[in-house]
Structures are given as structure tokens and as C-alpha cells.
Amino acid sequence: MGSDSLPSTLTSTKPTPIPTNELDEEHDHDDSPSTAALLSFNTDSSSSSEPLSTSNNKPLFIVLILVTCISLSVASAFAYLFFSSRSPSSSSTTTASSATSSASASPSPSPIPLPSVSHARPLTKLNRPKVILISSDGFRFGYQFKTPTPNIARLIANGTEAETGLIPVFPSLTFPNHYSIATGLYPAYHGIVNNHFLDPHSGDAFYMGAIDPKWWLGEPLWETVVKNGLNAATYFWPGTQVHKGPWNCPLNFCRHYNSSVPFEDRVDAVLSYFDLPSDEIPDFMTLYFEDPDHQGHKVGADDPQITEAVSRIDRMIGRLIFGLEQRGIFDDVTIIMVGDHGMVTTCDKKLIFLDDLAPWINIPDNWVISHTPLLAIMPPSGYSPSDVVAKMNQGLSSGKVENGRYLKVYLKEDLPSRLHYSASDRIPPIIGLLEEGFKVKQKRSKNKECGGSHGYDNEFFSMRSIFIGHGPQFARGRKIPSFENVQIYNLVTFILNIKGAPNNGSASFAKDVLLSAA
Ligand SMILES: [Zn+2]
């Protein structure tokens with residue numbers, strides 16, 4: 001595969017302007033009138049008392065002040081309840097056909113209620129903040145309720161949790177999402193737009209083991225950490241084996257991916273870093289588990305195998321907590337536990353066959369970069385993508401194509417803007433959005449298609465994963481609204497007190513979520 005020299009195509013692929021979520025922050029303010037309305041109601045009531053205050057009726061004035069204070073408190077309580085309970089509404093599922101109209105229905109952000117305490121707890125044994133970023137692949141939000149998960153529950157009880165889950169980026173696939181968590185960038189900007197895709201200029205194919213830096217844009221956390229003069233150690237994470245800037249995947253601190261390494265060994269290796277001399281302890285560590293994604297694909301989201309896999313992940317968290325406690329540093333170390341996406345059960349009656357579109361347009365297999373759940377099509381030159389889209393949608397909406405109404409096809413620039421999925425020439429010109437649980441196949445076959453899948457619209461609740469932050473800068477027992485995983489990069493740089501690279505996260509998010517320095 002590719003050479004180490006950066007190809008000229010990189011410049012055309014490289015997304016220079018990085019839109020941040022500052023606009024989203026403005027949405028915060030857009031949302032805030034609801035709060036302001038509640039407050040202004042009280043302000044108005046107090047201002048209406050102004051003329052009275054000019055009189056010398058002091059007892060009445062004091063009563064009015066008391067009433068105002070009480071009503072302000074009640075209004076604040078209502079505002080809190082309102083905002084802390086409204087996030088689930090943003091997760092309502094959307095049909096593929098209505099996805100167009102939901103372009104403005106961005107799944108985030110909701111205002112973040114203030115913590116009950118504001119200051120971070122001081123370190124007691126370590127001399128610097130340490131962050132362990134854990135990914136449990138395909139840990140769908142809600143899996144934690146399938147079975148007792150006492151160790152995850154302990155992190156939640158003593159930490160900060162996204163109450164209705166962590167929102168993945170679109171497409172809700174493993175590589176795009178892990179690299180969005182690591183870079184704070186949407187896939188169109190970090191370049192890993194799918195688990196498999198083509199470089200439109202060279203024709204080279206990206207595959208999940210590819211470590212040529214030309215594919216991996218942006219600045220991942222391990223690079224940022226080293227750039228700031230700190231140490232990083234990675235126990236698996238997509239992109240960690242790629243040499244970027246000062247990060248050269250150092251021996252013993254950058255494990256080469258091997259799915260057969262027992263989970264226990266991974267946890268023990270991370271724990272062993274804390275036995276190093278204090279100035280050699282990595283400041284940032286990744287820890288990755290393939291489960292329960294592995295089981296989810298095989299048996300769907302609702303099988304007892306998932307329950308066992310979740311229980312095993314919980315035991316690994318327990319092993320980590322125990323090891324940190326033995327070293328007397330559990331409360332000093334920051335643990336951020338996430339998943340990359342959720343999972344939904346798929347079965348063979350929920351299929352759409354591209355060959356069924358033949359009366360409208362022939363879509364040969366070699367036009368299709370990926371079939372499902374992300375349908376990505378690149379017609380050869382000579383075909384008009386907009387013509388292909390029109391004919392496909394004509395067939396799909398005709399009522400004559402089996403399950404056709406559960407797929408809608410778009411020119412990528414016409415996708416809902418909330419998906420942030422157009423600003424890269426690695427994204428093929430035609431993208432299909434599927435209804436939850438449906439799959440696209442080229443042609444009919446006798447293969448059974450029961451299992452689980454992900455990669456769908458990130459607005460589907462089933463695609464959500466978990467976010468738990470535990471450590472000195474996370475308030476204990478705090479719930480925050482769901483948010484997109486591009487915010488995590490800024491959380492980590494804020495905790496480590498280092499300068500991060502430009503990204504799609506909002507500048508204020510970390511300040512809103514984390515406790516300020518003690
Ligand atoms: Zn995954």
C-alpha cells in the first residue's frame with residue numbers, strides 16, 4: 001500500500017476549514033430563552049413590585065422579596081427538571097423519509113445543568129492528572145441495565161454520566177467513531193469516512209488495518225499529548241499505530257492490534273504503567289475491548305450472549321478499579337468510559353435489494369462502495385449522480401420495491417446538515433439513509449440475515465453508546481444531557497491542561513462539564 005510520502009491528493013482531501021460547534025453554542029443561547037422566559041417571569045414580577053417599593057410599606061416589601069425569592073427557586077427547579085428531562089425527546093426515531101425534514105432537529109446540545117460543587121478534588125498521590133480512555137465497542141446505551149454491572153454502576157454513582165447516552169457521529173461505525181473520539185473531528189474532517197473507502201484520486205482502498213498516515217487526518221489525542229511534552233500509551237485504538245508528528249508508536253507504549261490478547265492482560269498492562277517511576281507514568285492511556293460489539297453482530301442486541309459480554313466488561317472495569325485502589329490512586333486517576341456506537345437487531349425480512357431497482361435504474365455491484373447500513377455509491381464518470389439519485393428514489397417510493405420506503409438516497413451535499421457528512425471527496429457522491437434495522441443487499445439470496453448491525457443515522461436511539469467520566473474533575477453522581485462524541489477530545493485536553501488542536505467540539509463544553517481546578 002501507500003508510501004510514507006504525503007500524496008498531493010492529501011491537500012485536496014484535507015479539510016482545512018473546521019467548523020466548530022460554536023454555532024451549537026449559539027443554539028444553547030437559542031435554547032436559553034426558555035430559561036430566560038422562566039426567569040424573566042420572575043424578573044417581571046419583581047419589577048412590577050418596583051412601584052410598591054417606593055412606598056414606605058416595609059413589611060409588604062419584605063414579603064414581596066420573599067415571594068420573589070421563592071418563585072425564583074421554584075422556577076429554577078422547574079428549569080432544571082425541564083432541561084434534564086428533555087434530552088430523550090431528541091432521540092426519537094426518524095423514518096428515512098422524514099430524515100430530510102429533520103435536518104434542523106440536531107440531536108444536541110441541551111443546556112448542561114450546573115454541578116452542586118464547582119471545584120475539582122485535589123490529587124492526593126499522583127503529581128499530575130492521568131486519563132484512561134476506555135472503549136467498549138458496541139456498548140449500546142441501556143446494556144448497563146441488562147444485568148447487574150456493579151463496577152460500571154460505581155463509576156456512574158461517583159462520576160458524571162450522559163444520562164441518555166453518548167451520541168455517535170455519522171456513520172455510526174467503529175473506525176469513524178473511534179477516530180472522532182480521538183480527534184474531536186467529524187469523519188469528513190478526520191478522513192476516516194467509513195470502515196472501507198476509496199481515495200478518489202489514487203483509487204487506493206482504505207482498510208481497517210491501514211496505517212499509512214495519508215489516510216489519518218487531524219490530530220489524535222496521543223499526538224497532542226506528546227506534542228505538549230507529556231507521555232501517552234495506547235492499548236489498542238484505531239489510528240494509534242499510525243506515525244503522526246512526534247507520535248511514533250513507541251515500543252511498550254503502543255500495542256499493535258491483536259484481538260486475541262485477553263482482556264485481563266490489557267487491564268493489567270495499563271495498571272502496570274502506574275508502577276513506573278512517577279515521571280514515566282503515561283499521562284494519557286487508551287484501553288480497548290472488542291465486546292460487546294462482537295456478540296452484537298452475531299446475535300443481535302437482545303440475546304443472552306450480550307448479557308454475558310456486558311457482565312464481562314463490567315468485571316474488567318472492576319479489575320481496573322481494584323488495581324488502582326491497591327495502588328491508592330483510584331480517586332486520582334480519571335477514567336473516561338465510552339463506546340463507539342450502539343447496536344440494533346436486524347433480521348432477514350428487513351432487506352432492500354438493489355437489483356429490485358432495475359426497472360428504474362441498474363445499480364451494478366461495482367458502483368457500490370458499501371452496501372449496509374451505510375449505502376455509499378460512486379457511479380462511474382459519464383453518469384450523473386443526481387440522475388441516479390432521482391431514479392433510485394423514484395423506484396424506492398413507487399410502492400413496487402420491497403421495503404423501498406425504508407431507504408432514501410441523497411446526493412451527499414443534500415444530506416441533513418446535522419450529519420456533517422459531505423465535506424470530503426472520500427465520501428462518495430451518493431449516500432443512502434436506512435430506517436433502523438434495515439439492510440441493503442445487492443440481490444436476493446437464501447442466506448439468513450439475523451444478527452445485529454450499526455452504522456445507521458446517529459439520530460436513532462439504538463445507535464447511542466455510554467459516557468461515564470470518573471475522577472477529580474468530574475462531579476460525583478452528576479447527570480448531563482446526551483452529547484456527540486466529538487466533544488471528548490476537548491474534555492481530555494482540558495483535564496490534562498494541555499493545548500489541543502482545532503476541532504469540531506465546542507470550546508465551552510469542557511468548562512460546562514468539568515469542575516474547575518481546585
Ligand atoms: Zn464498533
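**A loop arginine and a helix pair**

In this predicted model, R444 lies in the loop that runs between strand β15 (439-441) and strand β16 (451-453). The points below describe the surroundings of R444 and then the crossing of helices α9 and α11.

**Surroundings of R444**

- With a relative accessible area of 46%, R444 is partly exposed, because that value falls between the 20% below which a residue counts as buried and the 50% above which it counts as exposed.
- When neighbours within four places in sequence are set aside, the residues in contact with R444 are F353, D356 and E402.
- Two of these contacts involve polar atoms of the side chains: R444 pairs with the side chain of D356 at 2.5 Å, and a polar contact of 3.0 Å links the side chain of R444 to that of E402.
- The C-alpha atom of R444 is separated by 9.0 Å from that of L351, although the two residues are 93 residues apart along the chain.

**Packing of α9 and α11**

- Helix α9 (residues 263-273) and helix α11 (residues 304-326) have axes that come within 10 Å and cross at roughly 25 degrees; angles under 35 degrees count as roughly parallel, and α9 and α11 are therefore roughly parallel to each other.
- The crossing of α9 and α11 is right-handed.
- From α9, the contact is made by F263, E264, V267, D268, V270 and L271, while α11 contributes R312, I313, M316, R319, L320, G323 and L324.
- By class, the residues of this contact between α9 and α11 comprise eight nonpolar, one polar and four charged.

Notes: Residues numbered from 1 in each chain as written. Predicted model: local features only at pLDDT ≥ 70, side-chain atom pairs only at ≥ 80, totals over all residues. Heavy atoms only, no water. Axes fitted to C-alpha atoms, helices over the stretch in contact; angles between N-to-C directions. Helix = DSSP H or I, 4+ residues; strand = E, 2+ residues; numbered from the N terminus. Parallel < 35°, antiparallel > 145°, perpendicular 65-115°, else oblique. Left-handed = near helix turned anticlockwise from the far one by under 90°. Contact = heavy atoms within 4.5 Å. Nonpolar A, V, L, I, M, F, W, Y, C, P; charged D, E, K, R; others polar. Buried < 20%, exposed > 50% of the residue type's maximum accessible area, 1.4 Å probe, protein only. Polar contact = N/O pair within 3.5 Å; in protein donor to acceptor, adjacent residues only side chain to side chain.
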